[in-house]
Amino acid sequence: FYLPRTVEAPEQTDATSSQVPALPRGNETILVVDDEQAILDFVQETLASLGYRVMTASAGMQAMTALEGTPEIDMLISDIVMPGGMNGYQLAEQALELRPRLKILLSTGFSDDAISNHGLAHFQTNLINKPYTLFDLARRVRALLDER
C-alpha cells in the first residue's frame, strides 16, 4: 500500500522568520535566591550561558550573608515566597538598605492584584511572573542592569 505521489513542490519556509532573536548578554555578577532547586538550577544555567557570573542561595539569610561578603554583586533575583523567616520582599528591602544601588528582580507566581494587596506595589516594575521564558528572563535582567 503506497500513498499517492504529489506533484506540488514542497512548502518552503522562510528561515529568517523562524530564527530566535539574539538574547541579551552580560558579565555582571548576579545572586539568585529561590527555595526550589529546579528553578535555581534553571536560572543559574541560563544566566551563566549568557556570560553572567552567578551565585545562588536557597534562603533569605543565606543571601544576605552573600551580599555582605561579596561587594561585586550587581543584581539580586529572588523568589517572593520563601520559607525560613524572610520572604523575597523582606530580602529586597534589607538588601537595598545594605546596597542602595543593587538592582532587584523579584519573581512570583501570584497575580498583580495579590502583589498590590500585600504592599509590594513599589516593586511592581521589578517583577517577573512565573513561569517565565529564557527570553523574558534575559531581557528583564539586561534592562534592569542597564537602568541608571
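Reply: α2 and α3 run roughly parallel to each other, because their angle is about 15° and anything under 35 degrees counts as roughly parallel, over 145 as roughly antiparallel, 65 to 115 as roughly perpendicular and the rest as oblique. This is a predicted model, where local features need pLDDT of at least 70 and side-chain atom pairs count only at pLDDT 80 or more, while totals for chains, interfaces and linings use all residues. Residues are numbered from 1 along each chain as its sequence is written, and side-chain values use heavy atoms, with hydrogens and water left out.

Helix α2 covers residues 60-69 and helix α3 residues 88-98, and their axes are 10 Å apart. Helices here are DSSP runs (H or I, at least four residues), numbered from the N terminus. Axes are lines fitted to C-alpha atoms over the stretch in contact, with angles running from 0 to 180 degrees between N-to-C directions. The crossing of α2 and α3 is right-handed, meaning the near helix is turned clockwise from the far one by less than a right angle.

As for what touches what, α2 puts in G60, A63, M64, L67 and E68, and α3 answers with L91, Q94, A95 and L98; contact means heavy atoms within 4.5 Å. Sorted by class, that makes six nonpolar, two polar and one charged residues. In that scheme Ala, Val, Leu, Ile, Met, Phe, Trp, Tyr, Cys and Pro are nonpolar, Asp, Glu, Lys and Arg are charged, and the others, Gly among them, are polar.

Key:
Helices (H or I, at least four residues) and strands (E, at least two) are DSSP runs, numbered from the N terminus.
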